[in-house]
Amino acid sequence: MIRKSLAILALGLLVATPALAAKTIKIGFNIPLTGDIPEVGEGSKNAAEMYLADINGAGGLEVGGKKYMLEFIYMDNESKAESAVNAALKLIEQEEVVAIIGPNSSKQAVPGGGTANDNRVPMISPWSTNPDTTKDRPWVFRAAFLDPFQGPVVADFAAKKFSAKTSAVIFDISNDYSKGLAEIFKSSWEAKGLGPVVAFESHGTKDQDFSAQLTKIIAAKPDFIFVPDNYNQVALIVQQARDLGYKGPFMGSDAWGTPDLIKLCGEQCYGQYFSTHYAAAGAKGATKVFIDRYQKKYGVEPADYAALTWDSIGLLVEGIKNAGKVDKNPRKMRKLIREGLASIQSFDGITGSAKFDEQGDPIKCAVVVKISNEGTFVFEESVCP
Amino acid sequence: MDFITFIQNVLNALQWGSFYALIALGYTLVYGVLRLINFAHGDIFMVGAYISFFVAGFFLGPLAGLSPAMTFLVTVPLTMVLTACVGVTLERIAYRPLRRKGAHRLYVVITALMCGLILEYSNLAVLGASRLKFPELIEKQIWNIGGVTLTNLKVMVIFTAIIVFLLLQWVITKTRVGMAMRAISYDKFAIPLMGIPVDNIIVITFILGSGFAGLAGLLFAMSYPVLEPFMGMLIGWKAFIAAVVGGIGDIKGAFVGGFLLGFIEIGVVMVFPSTFRDLFAFTILLLILWIKPTGLFGIPQSTKI
């Protein structure tokens with residue numbers, strides 16, 4: 001008798017679970033919690049936890065007159081391209097999420113975006129700037145500007161600031177982000193007609209010695225070196241170039257913008273410039289509110305990827321609201337969210353306001369920051385398309 | 001390409017090759033005695049770098065408060081001793097029990113691979129994925145001699161590699177311990193009958209190999225001051241290849257193989273686009289092995305049962 005009632009109870013629970021699940025909206029995060037850029041994953045997660053607490057603390061997200069709780073699932077992609085695909089598949093098939101935020105770096109976002117698009121799951125990459133992430137992928141969106149925009153920003157700024165005629169590039173050949181940006185920079189520099197790119201050298205992700213490449217670059221005597229690399233490699237490249245007698249300036253890209261750059265590179269990176277998504281110092285309005293809250297909660301200034309993750313979640317929430325209702329079937333819900341996202345025309349985020357083009361890419365401003373002698377990122381100038 | 005660039009790259013290759021040579025020496029030492037490819041060796045190197053980080057951090061910190069130069073002098077021996085302890089511990093808990101049970105060498109090699117992974121992931125679990133920045137212990141001086149630049153650290157690294165090689169060569173060929181090591185590799189069944197304590201000699205082998213891996217870790221951390229749990233993996237594999245190309249089991253072979261790999265890697269970048277570096281470097285090594293399968297200094301061996 002007892003056994004029978006237990007069985008009924010268990011059956012009841014089984015039936016009850018899907019009904020319960022419909023009250024929550026499951027969102028997956030495909031982020032690098034370990035590997036080459038763990039700092040990025042942590043920043044994204046911190047921002048997400050803040051957003052989650054805000055929404056769920058207010059009783060959930062209101063869609064079509066009803067309130068739904070959000071559930072965030074964080075999946076580590078180990079900063080690897082292949083793991084990003086696995087993480088995306090796990091989120092889609094096992095966790096049955098209705099949308100994915102991440103991956104951050106283009107190295108993972110390009111393959112991860114392919115997986116999401118093939119499986120018809122809406123994905124928003126916060127930080128990826130490589131055009132291929134969203135190109136011809138109707139299910140993939142992003143919050144950051146694109147490298148075809150960032151490349152010329154860097155080239156224009158360096159030409160003006162350093163009065164440069166020649167430039168050199170060192171980049172990571174196995175990283176879609178680094179390689180793509182290096183190539184775009186090269187063509188936009190050459191299009192300016194000031195002078196050639198005198199050296200265009202590459203290295204691998206796990207390399208620690210860059211002396212041969214740097215010797216080649218320094219022998220070509222460039223006016224500055226463009227380093228579109230992750231922060232850990234930047235620290236080694238800058239130091240080794242100085243050891244080899246290079247005295248000129250470096251110019252970086254948005255992958256530089258983490259507090260870890262200062263920790264690893266130290267004084268040798270002071271005085272250098274890089275292009276990025278926003279500058280924390282001197283922020284106003286909603287951006288300032290976000291920075292202050294983040295700083296109070298985690299004790300560090302939020303880097304650009306944290307702010308962009310915040311904006312990505314904001315975009316997604318907007319998309320879910322546009323969807324108008326919550327469907328129990330994850331496949332149908334995914335489709336509704338995609339349509340909701342595609343119908344967003346413009347969005348005011350903490351990293352600036354953006355308009356969206358037909359590829360799902362935002363058109364927004366970039367900033368160039370200077371690394372001050374205290375190791376902070378100081379606003380230098382803003383460049384808008 | 002002008003002459004100055006060439007000389008500069010020779011110096012670059014000497015520094016980079018020094019690290020390969022130092023790590024390859026550890027591989028070859030253990031292989032020479034035990035016929036065991038100690039795949040955990042690259043990770044012992046990584047542990048050495050981390051140990052030196054914490055030792056240096058302690059002596060620079062408020063508790064000891066030594067000057068950077070003094071810290072360096074204390075860190076060198078301490079790192080070597082502590083890393084040697086890690087190597088010996090591995091031997092005690094992983095390799096010796098298998099050897100006692102008479103396990104085939106293949107299983108010991110697999111165990112070594114697993115030990116390497118355990119070291120990597122336990123580091124990841126304890127310290128997290130965030131990278132560490134190694135403090136500057138020796139005030140860096142950059143010398144410019146006729147357009148060629150070199151740093152005091154670079155010179156130190158190259159000389160250390162040479163001294164370590166000469167020292168090991170002397171130990172192996174001139175001392176009684178070295179004679180016992182060679183004897184074990186010659187016939188490990190007859191040697192205990194001669195009254196030679198095999199286990200002790202093996203422990204000494206691991207002390208030497210791991211100690212110098214620790215030294216390499218310290219020097220590496222000083223030259224490339226960004227530490228991460230997987231830093232030993234790729235360089236360890238490449239150093240192993242260097243040891244094989246030089247003729248594994250031979251001290252001279254490991255030394256020459258390490259520098260050879262350094263020169264090939266830098267040389268390929270010097271002549272070809274850097275994109276082709278590893279492809280060309282390892283094709284050249286393959287050709288060497290193709291012509292001489294036992295490596296440059298290796299001698300063919302018949303297996304004893």
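Just past helix H8 of chain B, B:Gly247 adopts a positive phi of about 105 degrees. Helices here are DSSP runs of H or I with at least four residues, and strands are E runs of at least two, numbered from the N terminus. This is a predicted model, where local features need pLDDT of at least 70, side-chain atom pairs count only at pLDDT 80 or more, and totals for chains, interfaces and linings use all residues. Residues are numbered from 1 along each chain as its sequence is written, with chains lettered from A and ligands numbered from 1 in the order in which they are written.

Q: Is H8(B) largely enclosed or exposed?
A: A residue is buried if 20 or more other C-beta atoms, placed from the backbone, lie within 10 Å of its own. In H8(B), 13 of the 16 residues are buried, so the helix is largely enclosed by the rest of the structure.

Q: Which element gives the largest share of the side of chain B that touches chain A?
A: Residues are in contact if their C-beta atoms, placed from the backbone, lie within 7 Å. Here 23 residues of chain B are in contact with 27 of chain A. The largest share of chain B's side, five residues, comes from H1(B).

Q: Which helix gives the most to the side of domain 1 of chain A that touches domain 2 of chain A?
A: In contact are 17 residues of domain 1 of chain A and 18 of domain 2 of chain A. With three residues, the most on the domain 1 side comes from H4(A).

Note on methods. Contact = placed C-beta atoms within 7 Å. Buried ≥ 20, exposed ≤ 12 C-beta atoms within 10 Å, placed from the backbone.
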